[in-house]
Amino acid sequence: MANIILEAKNLSKAYPMRGGSQLTVLEDINLSVREGEFISILGPSGAGKSTLLRILSGLIEPTSGKILYHGKPLEEAFPSIGMVFQSFALFPWLTVLENVEVGLKVKGVDREIARQKAIKMLDLVGLDGFEDAYPRELSGGMKQRVGIARALAIEPEILFMDEPFSALDILTADNLRNELIRLWIEKKLPIKSIIFVTHNIEEAVFLSDRAIILSHNPATIRAEISINIPHIRNKNLKEFELTVDDIFTILTRPKIEAPFMLRKERYQFLPHAKVGAIAGLLELVLSKGGTIDISEVTTDLGLEVDDVFPLIEAAAFLGFATVKEGDIKLTEVGMHFSRSDLLQKKVIFREMALKNIQLINQIYQVLTTTEKKRMSEDFFIEILENHFTKDEAWNQLETAIDWGRYAELFAYDYDSGELYIEEPESEQLEKV
Amino acid sequence: MKIQVTFPPIKGISLSDLIVLVILFAIISLVFFLGKEWKGDLRSVASISLEYKYLPYYVIQSVSRIGIAYILSLIFSIGYGYLAKKNKITETILISLLDILQSIPVLSFLPGVLLAMISLFPNKRIGVELASIILIFTGQVWNMAFSYYNSISTIPRDILEVAKIHKFSKFYRFIKIDLPFSAIGLVWNSMMSVAGGWFFLMACEMFVIKDRDFRLPGIGSFIQMAANEGDLQKVFIGLLVMVIIIVFLDILIWRPLVVWSQKFRFDTVQSEEEKESFVLNILRESKLLEKIWDGVESRIDKINCYLVNKKKQDTDSIKKSPVKIFFISALLIGLLFLVLKGGITAFDMLSKITSQDFVLLIKAGGLSLLRTFGAIAIASIWTVPLGVMIGMKPKVANILQPVIQIAASIPATALFPIIIYFLLKIGGGLGFGSVFLMLLGTQWYLLFNVIAGASSIPQDLKDIADLYKIKGLRKWKVLILPSIFPYLVTGLITATGGAWNASIVSEYVIFGGEVQKTLGLGSLISESSASGNFSMLFASTLLMSLIVVTLNRFVWKRMFLLAEEKFRLD
């Protein structure tokens with residue numbers, strides 16, 4: 001077995017919330033990274049993958065637990081780290097070459113040597129001839145090449161990549177992935193290991209030796225899967241598809257939880273999915289006879305797994321579908337829903353949302369019990385902020401408003417920022 | 001239009017290099033000149049000569065004053081931003097303090113600053129010079145400090161993480177991230193600030209406190225003196241020289257800076273139009289400057305390395321030295337003492353205000369409030385239609401823009417003598433006249449913002465309006481007003497602030513050796529400052545700041561939020 005470079009022991013991260021409570025983002029994470037390993041950290045959006053990556057790289061401190069580099073605590077080890085960002089994080093006022101040199105100059109490398117090294121790295125990522133261009137002249141793919149070259153220039157032991165290709169279009173991302181893995185297996189990169197964060201299952205299976213799968217709210221390690229398919233991996237291979245299905249199953253399995261009334265400990269997390277898209281997915285499943293393989297959905301809709309993921313989750317939450325071993329299956333209600341016309345759909349959706357969705361149920365209860373049948377959004381945000389971060393609280397409310405509007409359970413007045421129940425009289429007036 | 005300037009090299013040094021050398025030489029000689037001048041004794045009143053041959057000498061002095069005040073403002077802004085960003089506590093304190101400070105009218109600082117400086121340098125000219133510079137500084141600094149703070153608050157997290165991962169020292173972060181990020185905002189605000197400096201130059205080069213009359217040689221005092229003697233021709237010539245200097249500085253300094261700062265745009269796409277400045281082109285040609293720049297850059301790298309290594313060693317040694325703790329607590333105690341002492345003095349001064357004074361203050365406040373609203377209303381009436389017309393028709397804009405820019409660059413205060421002259425001739429009092437004077441100072445903010453707003457209306461919305469034949473009033477209601485609303489609000493906020501500040505110089509004017517005044521908060525401030533009535537000065541300043549802050553908090557801020565939320569075009 002190769003040397004262990006990095007080891008994380010019992011990492012947890014919690015942020016203090018209003019009212020003295022804590023929001024736990026990461027819980028009890030244990031992992032180790034060996035020389036020569038390409039590891040991916042996989043989880044749904046907002047799971048805390050990026051937080052984990054930043055803790056491992058020493059950018060932020062964990063609330064508890066420790067990180068060892070070659071057996072030494074992080075603070076004493078002064079490890080050299082390379083990081084590639086989703087947003088590229090290039091300095092727009094520096095040329096491509098200057099951007100790559102930045103890391104070297106800080107370390108006090110002689111100017112001439114720094115220049116040569118930077119040029120070498122740019123050649124490696126296929127950017128020779130672009131040295132004097134400014135980032136704003138480059139396409140997204142080119143920019144990320146600069147980002148990679150900058151991270152590699154300081155010859156770090158571990159290269160951290162935070163969803164490096166998810167801001168790029170599919171073709172460009174595919175191209176860069178291919179080049180990255182080629183350089184990696186040909187051992188042309190001046191690094192020992194890569195930790196790669198992604199929410200794209202296929203990407204993780206295509207690239208990594210080991211996928212660490214996180215759950216969310218809070219993130220814990222749900223499983224570690226070794227991937228031993230020889231590179232360069234073919235996405236159409238049976239083995240590849242099976243691995244993707246496996247991971248997908250792991251990701252969805254515990255999601256079908258008991259109805260919220262029975263759960264006490266944790267607030268239900270609404271996946272950010274629009275009603276129209278959920279209905280579309282259900283109709284697709286119905287057209288395939290009520291059961292569909294997840295990889296079929298992605299190819300049929302031309303979407304990536306992680307785009308479909310919230311839709312499936314939402315459908316499962318609402319009780320329209322179940323997920324088993326990479327298959328989506330419509331329930332009785334789901335079948336009925338998909339076959340109905342718009343008005344009937346709304347009736348079914350209303351019933352299911354009230355029954356299964358905690359937030360919608362609560363909003364409805366509050367609105368019906370208040371005298372004016374109106375309540376400010378701030379009231380709900382305040383409740384949600386006890387369970388989620390500020391941004392997430394707004395996301396949750398936005399999703400609930402979208403669903404509630406569709407179900408005609410309640411409406412939302414943007415100008416006053418109030419949720420309210422429409423009076424039947426006014427509805428009649430509108431029809432006239 | 002692109003102006004290409006290339007010069008043949010002369011014996012290894014290009015003409016660009018020569019120009020750079022001349023500039024460097026000029027700066028050094030200027031420093032010596034000022035040093036020699038200011039070391040001298042305070043000269044008598046009569047020493048401001050109205051002979052034209054002294055004009056260049058006056059211009060150099062005035063420009064230097066504004067320049068030094070500007071450099072101080074820049075340093076202060078950066079230091080303030082740094083302190084504010086240090087932690088959450090300093091941030092809340094310093095930013096609300098800034099909000100209050102910027103609402104205090106500049107000239108209220110005058111007596112205090114002047115007396116302090118004179119007691120520091122009795123009978124030396126440098127004392128009065130410093131007082132003048134500090135006053136100009138207080139007129140320039142606040143918006144720059146806000147701009148810098150805002151810029152460094154909005155640096156993307158990823159960029160900061162890049163700095164952290166590569167272990168930038170604080171110094172290196174400042175040079176490589178903070179400064180570039182704030183460059184564009186700082187340049188624009190510097191232009192505004194310096195324009196403000198010219199505005200107050202008239203009041204900051206000549207002032208009367210009690211029975212003492214202070215005059216500094218400068219273009220501002222030249223115009224003022226000419227006005228006092230009723231010599232309109234000299235006023236006009238002085239004004240002309242001032243405008244020429246302002247336009248000249250714009251070409252020589254601001255335009256190159258604006259073009260250069262475009263480099264620091266934080267956008268990902270390339271914009272279609274790149275601006276040009278021939279002065280900048282000359283500087284870019286210079287090999288000498290390039291060498292100097294290169295040398296500076298490698299020094300910066302070296303300093304950073306030294307700092308990083310030092311920090312590595314420091315982490316091994318003790319974390320917090322007792323010296324530092326002692327220093328901070330001493331500073332805190334000192335601050336506390338100052339605040340206490342200031343509070344007691346303030347209380348003391350306010351207790352001298354009689355009930356009559358109080359009624360007068362309220363009356364004056366009401367009158368000035370009406371005047372500022374009047375000025376803003378009149379300004380809106382003509383700037384909104386014209387601004388929209390210019391903004392929506394690029395061709396008109398191209399013709400009118402330079403004319404407007406020159407008109408706007410004339411400091412309104414310099415026009416005052418001419419206007420007062422005609423006002424007195426017609427027989428109108430300063431009661432309404434001061435509204436007109438305020439208007440002069442503030443209308444441009446509105447006009448520029450309206451133009452910007454109107455030119456940002458998307459073409460497809462304009463097309464829709466045409467398609468549905470939405471015209472006249474309806475077009476204003478549906479398309480134009482909502483589109484320009486956010487810009488209009490920004491313009492109104494700046495204009496109102498400007499109007500309050502202008503009230504001090506426009507409700508109390510000295511012309512032809514006589515004081516012209518009308519009741520108002522501004523004139524109370526000017527008058528009590530001139531007569532050395534500190535209680536009244538303090539009370540009226542307090543009231544004005546209170547009104548401005550209240551208006552900002554409860555009217556403008558709400559309108560601003562509304563504009564951001566509802567009328568955003570995205």
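Colleague: How many residues of chain A are in contact with chain B, and with how many residues of chain B?
Modeller: Bear in mind that this is a predicted model. A contact here needs C-beta atoms, placed from the backbone, within 7 Å. On that basis, chain B puts in 24 residues, and chain A's side of the contact comes to 17 residues.

Colleague: Which element of chain A gives the largest share of that side?
Modeller: Two elements give two or more residues to the side of chain A that touches chain B: strand E6 (81–84) and helix H3 (96–106) of chain A. By class, that side has nine nonpolar, four polar and four charged residues. The largest share is four residues, and the element that gives them is H3(A).

Colleague: E6 of chain A must belong to a sheet, then. Where in the sheet does E6 of chain A stand?
Modeller: The sheet is open and mixed in its pairing, with six strands in the order E6-E7-E8-E3-E9-E10 (chain A). E6 and strand E10 (221–226) of chain A each have a single partner strand, so one side of each has no neighbour in the sheet. That puts E6 of chain A at the edge.

Colleague: What is the bridge partner of A:Gly82 in E7(A)?
Modeller: E6(A) pairs with strand E7 (residues 158–162) of chain A over four bridges, in the parallel sense. From one strand of this sheet to the next, the twist averages 15 degrees. Within E7(A), the residue bridged to A:Gly82 is A:Leu159.

Colleague: On to the domains of chain A. Which helix gives the most to the side of domain 1 of chain A that touches domain 2 of chain A?
Modeller: The assignment gives domain 1 (4–251) and domain 2 (275–424) for chain A, and their C-alpha centres lie 34 Å apart. Their contact takes 17 residues from domain 1 of chain A and twelve residues from domain 2 of chain A. On the domain 1 side, helix H7 (201–207) and helix H8 (238–252) of chain A each supply at least two residues. With five residues, the helix that gives the most is H8(A).

Colleague: There's a three-stranded sheet in chain A too. Which helix packs on it?
Modeller: This open sheet has the order E11-E13-E12 (chain A) and antiparallel pairing, with strand E11 (291–293) and strand E12 (321–324) of chain A as its edge strands. The helix touches E11, E12 and E13 of chain A, and its direction makes about 90 degrees with that of E13(A). It is helix H9 (residues 275–287) of chain A.

Colleague: Last one, in chain B. Why does H2(B) count as oblique to H5(B)?
Modeller: The axes of helix H2 (residues 55–84) and helix H5 (residues 125–153) of chain B come within 7 Å and cross at roughly 40 degrees. Angles under 35 degrees count as roughly parallel, and 65 to 115 as roughly perpendicular. The crossing is right-handed, and the contact has 19 nonpolar, five polar and one charged residues. Because of that crossing angle of roughly 40 degrees, H2(B) is, relative to H5(B), oblique.

Note on methods:
Residues are numbered from 1 along each chain as its sequence is written. Chains are lettered from A and ligands numbered from 1 in the order in which they are written. This is a predicted model: local features need pLDDT of at least 70, side-chain atom pairs count only at pLDDT 80 or more; totals for chains, interfaces and linings use all residues. Axes are lines fitted to C-alpha atoms, for helices over the stretch in contact, and angles run from 0 to 180 degrees between N-to-C directions. Angles under 35 degrees count as roughly parallel, over 145 as roughly antiparallel, 65 to 115 as roughly perpendicular and the rest as oblique. A crossing is left-handed if the near helix is turned anticlockwise from the far one by less than a right angle, and right-handed if clockwise. Ala, Val, Leu, Ile, Met, Phe, Trp, Tyr, Cys and Pro count as nonpolar, Asp, Glu, Lys and Arg as charged, and the others, Gly among them, as polar. Two residues are in contact if their C-beta atoms, placed from the backbone, lie within 7 Å. Domain bounds come from an automatic or database domain assignment. Two strands pair if DSSP finds at least two bridges between them.
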